[in-house]
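The sequence and the model come first.

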Amino acid sequence: MKNKRLLKNNDRTRPPRPERFERPEREERRERKHLIDYNDGLILEGRNAVLEALNHNKPIDKIYVKKGPSEGSITVIIAKAREKGIVISEVAREKLDYMSQTGSHQGVIASCPAHEYVEISDMLEIAKRKGEDPFIIMLDSITDPHNLGAIMRSADCSGVHGIIIPKRRAVSLTGIVSKTSAGAIEHVPVARVTNLNNAVDELKEAGLWICCAKTHGRPYFKADIKGPIAIIIGSEGEGVSKLLEKKSDFAVSIPMYGEISALNASVAAGLLMYEVVRQRKFI
């Protein structure tokens, strides 16, 4: 009896209870769904679906096509996409298989934005209707969707009339951006342009001052940014490009007093946006 009780209380000889694991294919399918839903917004698969979207001018961020010689309707899709300035990426079939939800992508998948884009003129018109000086944010090489979402949230709170982003080497309006923006994606217009330098020229013609955030600029709280203004925010690694800096009217900086050399892009953007608010409304 004593041995039985000891065995019961010190049950190290029993085999461990088997753990429950999901089947690998279910786990892979769930990860793939997460990738598509939150990183790429709406996904269109197959030649007919993508071609219809192109023919009806549906907003498309990027088209993925299978590597290798193109033929048939793929050739037509590529030609129409290039005509519309849509980014085309040639990828291995394995990547298309991984992205696909239907399993029948036919060598082409299109990634559509989680929200439609606007034109720069639309943002300026919004400011005009409100009787306010235009207040625009331009983002140079911001690739993190969480940063863009957070910037959109601050932009809505601070009364920004719109955000301008480039088509290449930058994040677009994905599901993650929508989620991180906490609903601001529905209220802050976003223009996606081929060339930020041309966008600067358009804003200058409309009477806006162009301000860029650089480490060597004047401290932002000493600069006059209360008039019609567009503020350019660069990535944490590279900052604002040299050409955009050259085209800017002036540069502002955020003083650093610690060991880290730069703020997160969304934090820097928030500080500058609210300095505009402070100067416009409180001084």
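Cys212 stands opposite Ile232 in β9. Strands, like helices, are DSSP runs numbered from the N terminus, with at least two residues (E) for a strand and at least four (H or I) for a helix. The model is predicted: local features need pLDDT of at least 70 and side-chain atom pairs count only at pLDDT 80 or more, while totals for chains, interfaces and linings use all residues. Residues are numbered from 1 along each chain as its sequence is written, and side-chain values use heavy atoms, with hydrogens and water left out.

Strand β8 (residues 209-219) runs parallel to β9, and 4 bridges join the two. Strand β5 also pairs with β9 in the parallel sense, over 6 bridges; here Phe135 stands opposite Ile229. Strands are said to pair if DSSP finds at least two bridges between them.

Of the 6 residues in β9, 6 are buried, where buried means under 20% relative accessible area, exposed means over 50% and partly exposed lies in between (1.4 Å probe, protein chains only). In a regular strand the side chains alternate between the two faces of the sheet. In β9, Ile229, Ile231 and Ile233 are on one side and Ala230, Ile232 and Gly234 on the other, and both faces are covered.

## The sheet

The open sheet has 6 strands in the order β7-β6-β5-β9-β8-β10, with parallel pairing. The edges are β7 (190-193) and β10 (250-253); each has a single partner strand, so one side of each lacks a neighbour in the sheet. From one strand to the next the twist averages 30 degrees.

Between β5 and β6 there are 3 bridges, in the parallel sense, and Ile137 stands opposite Ile163 in β6. Helix α7 packs on the sheet and touches β5, β6 and β7; its direction makes about 160 degrees with that of β6. Axes are lines fitted to C-alpha atoms, for helices over the stretch in contact, and angles run from 0 to 180 degrees between N-to-C directions.

## Nonpolar cores

A nonpolar core is a set of buried Ala, Val, Leu, Ile, Met, Phe, Trp, Tyr and Cys residues joined through side-chain atoms within 4.5 Å. The largest has 33 residues, of which Ile137, Leu139, Met152, Ile163 and Ile231 touch the most other members. At least two residues of this core come from each of β5 (135-140), α7 (145-157), β6 (162-166), β9 (229-234) and α11 (265-281). The largest share, 6 residues, is that of α11.

Leaving aside residues up to four places away in sequence, Met152 touches Ile163, Leu173, Val177, Ser181, Ala184, Ile185, Val188 and Val190; contact means heavy atoms within 4.5 Å. Another core of 20 residues lies apart from the largest one, and includes Leu124, Met138, Ile210 and Val240.

## Cysteines

How many disulfides does the structure hold? There are 0, a disulfide being a pair of cysteine sulfur atoms within 2.5 Å. Cys211 is in no disulfide, and the nearest cysteine sulfur, that of Cys212, is 6.4 Å away. Cys211 counts as buried because its relative accessibility is 0%. Cys112, at 2% relative accessibility, also counts as buried.

## Strand β1

Ile43 sits in strand β1 (residues 42-45). Its relative accessibility is 11%, so Ile43 counts as buried. Ala114 is 71 residues from Ile43 along the chain, and their C-alpha atoms are separated by 10.0 Å.
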